[in-house]
Amino acid sequence: MAIDRNLIEEEGCLHRFYKIVLGWDYIRLLKESSKQSKNTANETDLGLKQVKDTYKDVDDYLATFEPLLFEEVKAQIIQGKDEDEETEWKMGIVVQCHETDGFHLLELFGEEWGSVSQNDLLLLSKEKFEDDKKRPTTYAFALVEHRLHDKLRLRLHLDGEIKRVNTNEATTSKTLLKVRSRITEQKISWYIMKICSLSTIAREYVAMRSISFLPYKDLILKAADSIHNSEDQAWKISKPLMEYIQTNHNPTQLEAIRAGLSRRKFVLIQGPPGTGKTQTILGLLSAILHATPARIHTKGKISDIKHGPDLDIEQKKIQWAKASPWLTGINPRDAKMPKDGDDGFFPTTGNELKPEVVNSSRKYRVRVLVCAPSNSALDEIVLRLLSTGIRDENDRSYTPKIVRIGLKAHHSIQAVSMDYLVEQKLAGMDFQTADKQKQGGGARDKDTIRASIMDESAIVFSTLSFSGSSLFTKLARSFDIVVIDEAAQAVEPATLVPLASGCKQVFLVGDPVQLPATVISPVAEKFGYSMSLFKRFQKAGYPVQMLKTQYRMHPEIRSFPSKEFYDGELEDGLDVKDRTKRVWHKYRCFGPFCFFDIHEGKETQPSGSGSWENVDEVDFVLLMYQKLVSSYPELKSSSRLAIISPYSYQVKLFRAKFKENFGVDSEKVVDINTVDGFQGREKDVAIFSCVRANKERGIGFVADYRRMNVGITRARASILVVGSVDALRKDVHWKNLITSAEERNCLFKVSKPYVDFFSDKSLASMAVEEAAAPDRLGPDDMDHDALGYDLPMEADQPLPDDDYGDDVGGGDDGIMDD
Ligand SMILES: Nc1ncnc2c1ncn2[C@@H]1O[C@H](COP(=O)(O)OP(=O)(O)OP(=O)(O)O)[C@@H](O)[C@H]1O
């Protein structure tokens, strides 16, 4: 049952959100954040509670999540200040102000607003905040409700400050009172400064508050499903489709798809690295889009479904034309329309797949929303769907009608992005406009067009955050099924955003043993706010379908993470070992799995940063890189070789030293990035620099086993870990990794000068007796004199797995370390 989304209620909870945030004192927040690490008494004051596995009722749930979410808002405000090194003040003049529902609504006139946009949080002040001047006294937060060329509509809350959200007590604030006394005066000028955007977190707040209206509220609170579906509620798929799914999915993938067809309300699928999560999602989409109830109930009896007659192609065309009149005549893709009709949006180039041919018996067509926490994760699935398609009930491959909503769509999937489709529809309309004008019809606005594109799409793709935008709330009918990829990388309120409009079934796909969502507030983090809904359910004992066959890593790479993190349950796909065997494996020091103990290495912390560097590791790694690429030039490619480190400062140092040593930018020839920026990606060879090297202090967030898991599972053929045994073995997981390397004779203690380690003599001593079958170079083909680097060489083309700008969740900077 789709719930009736109560807009008034939504507005009501947004008002509460803004009353709290807009009443805060900016200077107080800054002061508190600087002493927060010592101030545990404050945490009790704020009524913060640890995130639990299950909740007694909605009040219990909200009392836990609401204060933590507000802590995260505070952290975003503080971070906004840190990021904006050059604070840009703009000036505006009040042209109108009135009070309603406890808010002041203000219209500010100005010449230029810079990057200010809707839902931004601004600081409005009588004086500019300047370090050397005396402390400002008349300022308040303001929310941008609307931005026009020369005007801003702002919302302020000047009634008092709610410091403790669990008590709702507002205290009088002199600063707010001062603003209040001046704000209604017209023609008075104010300074404004952008702090941060509140779009995403406000949507998460609304979603969190909406839990009491969700049909599966109890399931979410208790992390348990009290209703067990019977056979009669299960859905079935046609024989040809079932045969396709059975032959193209391994047993654990198949089990996950079957769990989906059982109509269990929440289905959790855990996908360890390289186990075919995306493939399973596509299999699931084929199944759920073409499933029908195994039985239907009529007047108390259960009977089989009756199918209508199949339509011939002409009748189908008539139906398509009725459903999508804009597709006729003027659509540029018409020239490409296959003979048997076009039922969907599909890329105009590079797509040999046919669109869907809808069978008249398909009465149970469901609408699916697929979400991911970041644009890049979302585009991965869209791209896969566009390139491989899904299957219909007759096992025909086709591209369903889809739309990708939101910002920053990767260029390769532009053809299904909302903006492009709107343009297409508008172009189509121009042709019909004359007709319409004659009949007195007017042009439809873009929102209506967007809504109709969404209504017509079988699958809508959106980031979690965007699924809370007004585009979704205006939809005529909600989605039947919501699939969330990378669900373990989202905080719980973010996961609730696409569920807030109600749906019948939810799939959470992810891996809680890989990195979680980035939570900025150290306090919220401490209280467990980064725990995903997926992880909470798993901890509470909710059934999880785990994919167990991996197709990425050489078995020597797979063995340790499998034992350490997945109870030894990971298996290798049929030919993985052969596919990941490489010619450089003939030297023990080039993999598949190695640990290099840089025992003389020193860690340093650049002043003013929370990040760490280790120049000795950089020197060793660059020598190793040089040896590898001069011997195996095919590795001189950012698509094949990666240098990974947990610390952003180490990443910067690698890039700088690379340029210094080789005279070229690293970008095109090697992918250097943080572990966090690498989640979900893979390379032939990954060199992992751990950085920490001390006997006394800890190893900071290198000790996070999820970061370790991601770091050591990015490579297909060789993972070369570089670190300090003495420092790392204080942590139990690292100790186990070092022991595992020792037992497998692939732990190397490396002393200075590092160049000796790669001398001919030394390499010869590391030659493996039974060499891997060379696929390119013979045993003596290695260019022993080629240590001189011969860049620049042909730069590789940008690759599909290049980072393309969406940094959500990626890129740790080590600031929260320790
Ligand atoms: N059942 C299968 N049989 C053979 N190959 C498979 C199967 N399932 C997945 N693969 C292959 O395994 C590789 C990884 O699959 P996919 O990209 O779907 O995994 P993923 O889990 O999404 O990856 P990641 O860990 O990067 O998120 C792909 O090359 C895919 O073709």
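This is a predicted model: local features need pLDDT of at least 70, side-chain atom pairs count only at pLDDT 80 or more; totals for chains, interfaces and linings use all residues.
Where is the place of Asp101? Asp101 sits in the loop that joins β1, residues 90–100, to β2, residues 103–109. Its phi is positive, at about 50°, although Asp101 is not a glycine. For background, most residues other than glycine have a negative phi. Asp101 also counts as exposed, because its relative accessibility is 54% and the cut-off for exposed is over 50%.

A second residue belongs beside it. Lys408 is likewise a residue other than glycine with a positive phi, in this case near 55°. Lys408 is placed in the loop between β18, which covers 402–404, and α13, which covers 418–438. With a relative accessibility of 52%, Lys408 counts as exposed.

Let me now step back to the overall layout. The protein is divided into three parts: domain 1 spans 1–213, domain 2 is made of 217–293, 364–427 and 450–547, and domain 3 spans 555–766. Taken over C-alpha atoms, the centres of domain 1 and domain 3 are 44 Å apart.

I turn next to two pairs of packed helices. The crossing of α9 and α10 is right-handed. On the α9 side, the residues in contact are Gln253, Ala256, Ile257, Gly260 and Leu261, and they meet Gln279, Thr280, Gly283, Leu284 and Ala287 of α10. By class, this contact of α9 with α10 has five nonpolar residues, five polar residues and no charged residues.

The second pair is α21, residues 615–631, and α22, residues 648–662. These helices pack at an angle of about 50°, with 10 Å between their axes. That angle makes α21 oblique to α22. The crossing of α21 and α22 is right-handed. Which residues make the contact? From α21 come Val615, Glu617, Val618, Asp619, Val621, Leu622, Tyr625 and Gln626, while α22 supplies Gln650, Leu653, Phe654, Lys657, Phe658, Asn661 and Phe662. Sorted by class, the contact of α21 with α22 has nine nonpolar, three polar and three charged residues.

I come now to the peptide bonds. The bond from Gly591 to Pro592, however, is cis, with omega near 10°. Pro592 lies in the loop between α20, at 576–579, and β25, at 593–598. The bond from Lys752 to Pro753 is also cis, and its omega is near -10°. Pro753 is found in the loop between β30, at 747–750, and α27, at 760–765.

One further residue deserves a place in this account. Is Ser387 buried or exposed? At 53% relative accessibility, Ser387 counts as exposed. Ser387 belongs to helix α12, which runs over residues 375–388. The C-alpha atom of Ser387 is separated by 8.8 Å from that of Thr399, a residue twelve positions away along the chain.

The bonds from Gly591 to Pro592 and from Lys752 to Pro753 show the cis geometry.

Technical notes. Residues are numbered from 1 along each chain as its sequence is written. Side-chain values use heavy atoms; hydrogens and water are left out. Domain bounds come from an automatic or database domain assignment. Axes are lines fitted to C-alpha atoms, for helices over the stretch in contact, and angles run from 0 to 180 degrees between N-to-C directions. Helices (H or I, at least four residues) and strands (E, at least two) are DSSP runs, numbered from the N terminus. Angles under 35 degrees count as roughly parallel, over 145 as roughly antiparallel, 65 to 115 as roughly perpendicular and the rest as oblique. A crossing is left-handed if the near helix is turned anticlockwise from the far one by less than a right angle, and right-handed if clockwise. Contact means heavy atoms within 4.5 Å. Ala, Val, Leu, Ile, Met, Phe, Trp, Tyr, Cys and Pro count as nonpolar, Asp, Glu, Lys and Arg as charged, and the others, Gly among them, as polar. Buried means under 20% relative accessible area, exposed over 50%, partly exposed in between (1.4 Å probe, protein chains only).
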